[in-house]
Amino acid sequence: MAAVLLVAAVGAWLGIFFSGTVRAQVGPVETGMSLRPAWNGETVVDASPLGTLTFRTHDAPLRLRITLENIDQDRARAFLEDPRLADRLPQLIESDLLDGARALVIRSLLCAGAGALIAVLMVFRRPRVALLGLLAASVALAGTGALAALTFRPNSLMEPRYSGLVAAAPSLVGSAESIVTRFESYRSQLTKLVTNVSKLYDTVSTLPLYDADPRSIRVLHVSDIHINPIAWNVIRSLKDQFAVDLVIDSGDISDHGTKAENKFVDEIGRLGVPYVYVRGNHDSMSTQRAVERQKNAVVLDNKTQTVAGLTIYGLGDPRFTPDLSVPVDSNPATLAQFARAHLGKVGKADVVAVHDPDVGKGFTGAAPMILAGHTHERKTTMFPSGTRMLIQGSTGGAGLRALEHAQPTPVQASVLYFDKETKRLQAWDDITLGGLGEQSVYIQRHVEPNPQRMISPAPTNAPSPTGSVTGTPSPHAGPPLWHQGQSSPMLQRSPTEGDRES
């Protein structure tokens, strides 16, 4: 019996696999629809060579692929020119999609049943056994269809994943020397790529996705640029395409914090939007002052300021790791304690911006949103207090460290949408580009499930910045960040090259 079921399953799988593509006219677009077995249930809209949209629409092991094959230009022009036809377009597209999906399901079921029947008949050569295999396949298919229907998630259309690449762009992957010699060409190609994909993503956002209200506050979150000039191309392109109101940089704009690196931050003054910055552990006080001199820069170091309608508290990183003469304590508990000592300055901030997520943990419950970086890996965490922390990857692809590994570190940034009235996060778009030398981009939208959730401040007995630290430190925790009546040795930065200015 088990052998019959196995053969029937293989036959049904092959039947679906070879069922072919159903052609369907969806509005002005000619599409091809196909259904294939897959480990993960998803719907893929393929607009090659521009890219693909992927939706996790169901849990059944089936992948629905819709390929955009051609556009009827006359019909498309008619829809654009006739407002009455344009108003009917959403209903027409829905009807066309249902007709195409219905035809695809019928064909797939027939092919799967035929595949199961033929496979069992060929292996066992007994008509009754073949009919049994057909029955088993029919039950399995009915169960799969029921699972797809029961687990269908309409909200998945609000969180698409977009990936695309520029097919005509020259391949620039190679040695470090070739990347450097052709760097300007690469930056130009990358800018065009980000711009084109952002425009396309904005176009497909007219589908039934999260509607990014033009009245919302749009924030571009970047971090860990590490003096990589590619980051400025990406930031400028995303700023324009997503019409952002401000940029928040969660630190490490520099690499060694030297005076020679300060010229790099002059690009901030050419962006034309407020640039909120908090110091990272690779940024010296000299770096911070260089950023502060830019006309549109807002440097936050233990203070709160309202920018473009958002009240933001920022705290610079207490460490300066390039200065090896200064002891550095990176114990997570100590960093969180350092943050809690500054809770009194947060006030009613909408956003807290820090560099290290371990510092960010000390602010849980103080604001609805915490932005951080440092790890070069994007991650989001929802704390029990109701605070969400978004950790950004490296917008500079980890700088020159990108050349140290077999695979380059991706270039990452995010666009956050805040409600103008409540100042709460509504949704965010994560943008990921291939690392140094690569030409690809991937955008994924996330929708905040409960924007108006209650934020519950965590109880704390944190000392003031000049108070004493209670409790016994761990033998491996290192010295505390501050002591009775004096500043932390980490905050007493020695006059390294990065801090000397003529």
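Ring pairs link W232, F264 and Y275 into a cluster; rings of Phe, Tyr and Trp (its six-membered ring) count as a pair if their centres lie within 6.5 Å. The model is predicted, so local features need pLDDT of at least 70 and side-chain atom pairs count only at pLDDT 80 or more, while totals for chains, interfaces and linings use all residues. Residues are numbered from 1 along each chain as its sequence is written, and side-chain values use heavy atoms, with hydrogens and water left out.

**Aromatic pairs**

- The structure holds three aromatic pairs.
- In one of them, the ring centres of W232 and F264 are 5.4 Å apart and the planes stand at 40°, so this pair is tilted (planes under 30 degrees apart count as stacked, over 60 as edge-to-face and the rest as tilted).
- This pair links distant parts of the chain, 32 residues apart: W232 sits in helix α7 (residues 230–241), and F264 in the loop between β8 (246–249) and β9 (275–277).
- Helices (H or I, at least four residues) and strands (E, at least two) are DSSP runs, numbered from the N terminus.
- Both W232 and F264 are buried, where buried means under 20% relative accessible area, exposed over 50% and partly exposed in between (1.4 Å probe, protein chains only).
- Y313 and F363 also form a tilted pair, because their ring centres are 5.5 Å apart and their planes are at 55°.
- Y313 belongs to strand β12 (residues 310–314) and F363 to the loop between α10 (357–361) and β14 (369–372), so the pair ties together parts 50 residues apart in sequence.
- Y313 and F363 are buried too.

**The six-stranded sheet**

- Six strands make an open sheet with mixed pairing, in the order β11-β12-β13-β14-β16-β15; two strands pair if DSSP finds at least two bridges between them.
- At the edges stand β11 (303–307) and β15, each with a single partner strand, so one side of each has no neighbour in the sheet.
- Strands β15 (residues 379–382) and β16 (residues 388–391) pair in the antiparallel sense over four bridges, and K379 stands opposite I391 in β16.
- Five residues lie between the strands of this hairpin, where G386 takes a positive phi near 100°.
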